[in-house]
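Please keep the sequence and the 3D view side by side while reading.

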Amino acid sequence: TNAAPPPSGLEERILARLQVLFAVEHELPLGLTGLVREVWNQSAGYAGLPESISAAEPPLAWAYRDPLDVRGQCGDGLLAGVATLLDDLAGPAHVAQLCYSPVRACMVPRPSCHGSGVPAYDTFTSPAELRALYRLVGPIGFRALFHNLYAAAFTHLEEILHFVRTQGEVWQALSEAGAPANADPAAMVQTYRSVQRSTLDRFAQSCIGLGLQLTYVRLLRDAQRTETRRTVPLLHEVLSLPRAVHGPNALLETSLLHVDAAALDAGLPPRAVDPVLVHLLREYALPVEPAVVGHAAVALAAVFHSRIWHDATYVPQHDAFENNVHCLPVALHHALGSLLAATARNPDSLAKLPDAAKELMQWTACSLLHFSKDPKQQASLPAMAHVFELSVRSSPFVTQNQVEPIVPYSLIRSHYQSLLHVSSHE
């Protein structure tokens, strides 16, 4: 059952060329080992740097510098084509046409876009296709793809950070009103809606965009993990040991960064905090003020007060929403974790993350409780309740028991049942 699949035509040609090179090296001193090392250095971005700088280059340098200058050096080669494809799939024009399907674990065309010349997203992003791609381009090729996807994700994260920073007076007013469990729901909703509707909607779209890009990343990592587990099964055990002992390296400790980089190359998912997003925030973003971090949870909950829920059409065969609001949980958790980790300088400051995650869910739960009594929100409430449940289930810090006192689980399930009922009759 662990037998390797037959190689593709391109793989066979690559292996044949390598065999020729090794055969020639028996007769001529080509120095293939040094050649491979030089190619690796160029791929990782180390070539041409002074020795002192190369030694200090962080292992996650590919996050902010393309590990392979795909467009400039590869021409019309495989990586250039793949990078262009993923760039297109992640671009605004295609994002408006695709939907992430948790059932099929790939992107699919939106039902409303069928028959309009939409590309076969489900073929390009299927697990089998991505695993075959990994066998062809390997971890360095995937680093180039991750570089592009994280660049797009970081753009959305910057927009979210800007939203949190510029609406500070609103978050301050909400925080001064007391803890979420003790807040007046009507007054809380009114305060949230003091933010301009168009601003709220742009923020919500940025959150969906971040969630969609990180979902692309997860699909690629799943393909990596499947292939490396099949070919080097002990690698996962070795790389998982430091992560199990030390937990997520949210502080980007130098001694653990090499382990993080190797784990990412093996497809192991980040735990609680994505080190690449933290790395990018520290490298590029404006300084994140303590007040911004303190308001992050209450600000991110504002996504439930936007108008994106009016367009949240449920697609039961994919257990998804056509406008991808079901990608919000991954966006909210990683945005919150990245903002807190980017400003943390010691383990004590990082210990605030579980409380912040709980606060985010509590603010959201209070909003849902108020919406459940508002006749104007009944059409949008099933989608909100379903996404809220997904957020709780995907959170590494929050359990259903912690939000049960605010929003009974029976209420969440009843709205999900109504969602299925309405979808079955459309």
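**A walk through the model**

Val403 has a relative accessible area of 1%, so this residue is buried; the cut-off for that word is under 20%. The model is a predicted one. Val403 belongs to helix 21, which covers residues 400-403. The C-alpha atom of Val403 lies 9.6 Å from that of Thr364, although 39 residues separate the two along the chain.

Strand 1 (residues 98-101) and strand 2 (residues 106-109) run antiparallel and are joined by four bridges. Which way do the side chains of strand 1 point? In a regular strand they alternate between the two faces of the sheet. Here Leu98 and Tyr100 point one way, while Cys99 and Ser101 point the other way. All four of these residues are buried.

The aromatic rings are the next topic. A pair of such rings is described by two values, the distance of the centres and the angle of the planes. The model has seven aromatic pairs. In one of them, Phe163 and Phe203, the ring centres are 4.0 Å apart and the planes meet at 10°, so the pair is stacked; planes count as stacked when they are under 30 degrees apart. Phe163 is part of helix 8 (residues 127-166) and Phe203 is part of helix 11, so their pairing ties together parts that are 40 residues apart in sequence. Phe163 and Phe203 are both buried. Together with Trp171 and Tyr192, they form one aromatic cluster. Another ring, that of Phe146, has Arg221 over its face, at 5.3 Å from the ring centre.

The last stop is empty space. Rolling a probe the size of a water molecule over the atoms shows where such space is left. The second largest pocket has a volume of about 700 Å³. It is lined by 29 residues, and those closest to its centre are Arg218, Pro329, Val330, His334 and Ser394. Which helix gives the most to this lining? Helix 17 does, with six residues. Helix 11 (197-231), helix 17 (328-343), helix 19 (353-371) and helix 20 (381-394) each supply at least two residues of the lining. Sorted by class, the lining consists of 17 nonpolar, seven polar and five charged residues.

Definitions and conventions
Residues numbered from 1 in each chain as written. Predicted model: local features only at pLDDT ≥ 70, side-chain atom pairs only at ≥ 80, totals over all residues. Heavy atoms only, no water. 1 Å grid on protein atoms, 1.4 Å probe; cavity = no way out; pocket = protein on both sides within 12 Å on 5 of 7 lines; lining within 4 Å. Points joined across faces, edges and corners; volume = space filled by probe spheres on them. Nonpolar A, V, L, I, M, F, W, Y, C, P; charged D, E, K, R; others polar. Phe/Tyr/Trp six-rings, centres within 6.5 Å; stacked < 30°, edge-to-face > 60°. Buried < 20%, exposed > 50% of the residue type's maximum accessible area, 1.4 Å probe, protein only. Lys NZ or Arg CZ within 6 Å of the ring centre and 35° of its normal. Pairing = 2+ DSSP bridges.
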